[in-house]
Amino acid sequence: MTRNDVRYSGGATREWENHAVWEADPVMKQLIAQYPVANFRTRGTPFATLARAIVGQQISVKAAASVWARFAKQVGRMTPANVLACDVEALRECGLSRQK
């Protein structure tokens, strides 16, 4: 099984297919081998999908949508640089905890 055998939905791009996590992360490598015909629903770039997953951890879907909307408005284009450029207090006001 190769990373190209994975099926994507939600607008996946070549960026996903070439992402280093496929080769670098032993847990992902094991999961991919265990579920060779997985369908991943993406939310844009790998970073944006990861950010959305982190925002939504351990809160209701409705609460996560609300926090995400405020967070996305604060950040603008979802990139690591834009997130890092945000004031920590502004991110807290979006509903993010210190850990997130």
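# Close-up views

View 1. Cys94 counts as buried, at 4% relative accessibility. Buried means under 20% relative accessible area, exposed means over 50%, and partly exposed lies in between (1.4 Å probe, protein chains only). This is a predicted model, in which local features need pLDDT of at least 70 and side-chain atom pairs count only at pLDDT 80 or more, while totals for chains, interfaces and linings use all residues. Residues are numbered from 1 along each chain as its sequence is written, and side-chain values use heavy atoms, with hydrogens and water left out. Cys86 is buried too, with a relative accessible area of 13%. For Cys94, the closest cysteine sulfur is that of Cys86. A disulfide is a covalent bond between the sulfur atoms of two cysteines. Here it is counted when a pair of cysteine sulfur atoms lies within 2.5 Å. A search of the whole structure finds 0 disulfides.

**View 2. Lys73 on helix α5.** Lys73 sits in helix α5, which covers residues 61–75. Helices (H or I, at least four residues) and strands (E, at least two) are DSSP runs, numbered from the N terminus. Is Lys73 buried or exposed? Lys73 is exposed, with a relative accessible area of 74%. Along the chain, Lys73 and Cys94 are 21 residues apart. Their C-alpha atoms are separated by 9.2 Å.

**View 3. The largest nonpolar core.** A nonpolar core is a set of buried Ala, Val, Leu, Ile, Met, Phe, Trp, Tyr and Cys residues joined through side-chain atoms within 4.5 Å. The largest one has 13 residues. Val55, Trp68, Phe71, Val75, Met78 and Leu96 touch the most other members. Helices α4 (46–56) and α5 each supply at least two residues of this core. Helix α5 gives the most, with 4 residues.

View 4. In α4, Pro46, Ala48, Thr49, Ala51 and Val55 are buried. Just after α4, Gln58 takes a positive phi of about 60°.

**View 5. A nonpolar patch on the surface.** Which residues form this patch? Val27, Leu31 and Tyr35 do, with about 300 Å² of accessible area together. Areas come from the Shrake-Rupley method with a 1.4 Å probe; for residues, only the protein chains shown count as cover. Patch residues have over 30% relative accessible area and no salt bridge; like charges are joined within 9 Å, nonpolar side chains (Val, Leu, Ile, Met, Phe, Trp, Tyr) within 5 Å. A salt bridge is a side-chain nitrogen of Lys or Arg within 4 Å of a carboxyl oxygen of Asp or Glu. Leu31 lies in helix α3 (residues 26–34). Leu31 counts as partly exposed, at 39% relative accessibility.

**View 6. The chain behind the close-ups.** The chain holds 7 helices and 2 strands. Of its 100 residues, 25% count as buried.
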